[in-house]
Amino acid sequence: MSSSTGTTTVITDIATLVTNDPSLGDGSPLGLVRDAAVVIEGDRVVWTGESSKAPATDNRVDAGGRAVLPGFVDSHSHLVFAGDRTEEFNARMSGRGYTAGGIRTTVAATRAASDEELEANLTRFLSEALRQGTTTFETKSGYGLTVADEARALRLAAAHTDEVTYLGAHIVSPDYADDPAGYVALVTGEMLDACAPHARWIDVFCEKGAFDGDQARAILTAGRAKGLHPRIHANQLSFGPGVQLAVELDAASADHCTHLTDADVDALANGNTVATLLPGAEFSTRAEWPDARRLLDAGVTVALSTDCNPGSSFTSSVPFCIALAVRDMRMTPDEAVWSATAGGAAALRRTDVGRVAPGAYADLMLLDAPSHVHLAYRPGVPLVSEVWRRGVRVAPAVA
């Protein structure tokens, strides 16, 4: 196979290929192909199938009997921040009380940091995630909570991803502790005006102690009027209006979904909103696990993401979250892998990532294992041996 548009490369001798396209493989949601090959042209996949049927190409890469999967799509992270909350985590895990400021601690450190410090932190976490198979990621603001600091966070993030989320409504800014209505006015006014040019999405933490349903509706509606699409932190700590508000406003994703009524589950099952589950948060706070089985059995589309942040889920490892989801959230290994790839893509309303199929970006990983199941079967083991992004091998780093 040759082309005038780019060099072609075949990756062959793949023990198990996860395509996430049932029409390409065994008919399962993962679209598994055994003894498979993938052909890449430029930055796209152009062919998948059995190795014996692979067309001729300019270059050949031998996968050596490894599994190949789509790159992980991490659709929920908070990576633009400074500082560290080790003491808070240590106290929580040691059963001791802790009176420092939580998110406010990170807000103060982030405001004090230079652009260079924030970007160095961001790129370090992105490199960490890439080595573990993440090729597409979303990230949010939310640790500045002033017009200038929120806009700065989004500007820095936008240099590294198209999936940027304005989260001025993370908590009420400490500067407005006595005037939450005034802060909502800022978030939906001057701050939104400054942030919208750098973002694709708008988010709000709809929870007791943060923003109630009416405030969340006002914030998301204002963002939508500026061309930003809604997503929402919903029903993490308690039952509340977040999930049903997400479905009503056609939010791409309702994230956390830990405390759900039957009506919440029904709304998700009958809407277009993905339920994004974030098991790193429950692991790191010893909180109740979301019931993924209940959602899946109801027909809800489920995504898995890291929620990487310094306070409640300081992990960039999607494989770790897959293992947690299988062990503690009653997902099958196939479901967890789908949710961390195609599910994450659905939560970003993307069809060009999260699958290894003709037309999709050539974002994929090789595992030092013959099957994707090993991501849950061998928890904590660094199985990702090679990562390709946009048709280029990017990890391990090529000298």
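**Notes on the pockets, the cavity and the annotated site**

1. Among the elements lining the second largest pocket, β6 contributes the most, with four residues. Strand β6 covers 134-137, where strands (E, at least two residues) and helices (H or I, at least four) are DSSP runs numbered from the N terminus. A pocket here is an open set of points on a 1 Å grid over the protein atoms alone, with protein on both sides within 12 Å along at least five of seven lines, and its lining residues have an atom within 4 Å of a point.

2. A word on the basis of these notes: this is a predicted model, in which local features need pLDDT of at least 70 and side-chain atom pairs count only at pLDDT 80 or more, while totals for chains, interfaces and linings use all residues. Residues are numbered from 1 along each chain as its sequence is written, and side-chain values use heavy atoms, with hydrogens and water left out.

3. Staying with the second largest pocket, its volume is about 270 Å³, a volume being the space filled by probe spheres set on grid points that are joined across faces, edges and corners. Its lining has 14 residues, and T135, T136, F137, H160 and R389 lie nearest the centre. Four of the lining residues are nonpolar, five polar and five charged; Ala, Val, Leu, Ile, Met, Phe, Trp, Tyr, Cys and Pro count as nonpolar, Asp, Glu, Lys and Arg as charged, and the others, Gly among them, as polar.

4. The largest pocket has a volume of about 550 Å³. Of its 31 lining residues, I103, F205, Q236, L237 and S312 are the closest to the centre. Helix α10 (279-285) is among the elements that supply at least two lining residues, and α10 gives the most, with three. The lining comprises eight nonpolar, 15 polar and eight charged residues.

5. Now to the annotated site. The unreviewed UniProt entry marks H76, H78, H233 and D307 as "binding site"; such annotations may be inferred rather than shown by experiment. These residues span 232 residues in sequence, yet no two of their C-alpha atoms are more than 12.3 Å apart, so they gather at one spot. H76, H78, H233 and D307 are included in the lining of the largest pocket.

6. H76 sits in the loop between β5 (72-74) and α1 (86-93) and is buried at 0% relative accessibility (buried means under 20% relative accessible area, with a 1.4 Å probe and protein chains only). H233 belongs to strand β11 and is also buried, at 4%. Beyond neighbours within four places in sequence, the contacts of H76 (heavy atoms within 4.5 Å) include H233, D255 and D307. Those of H233 include H76, H78, K140 and D255.

7. There is one cavity of 30 Å³ or more, a cavity being a set of grid points where a 1.4 Å probe fits but cannot get out. About 70 Å³ of space lies in the largest cavity. Its lining includes D74, F125, F137, T306 and C308. Helix α3 (115-131) and strand β6 each supply at least two lining residues, and α3 gives the most, with three.

8. Finally, the cysteines: the model has zero disulfides, a disulfide being a pair of cysteine sulfur atoms within 2.5 Å. For C321, the nearest cysteine sulfur is that of C308, 9.2 Å away. C321 is buried at 1% relative accessibility.

Methods
Buried < 20%, exposed > 50% of the residue type's maximum accessible area, 1.4 Å probe, protein only.
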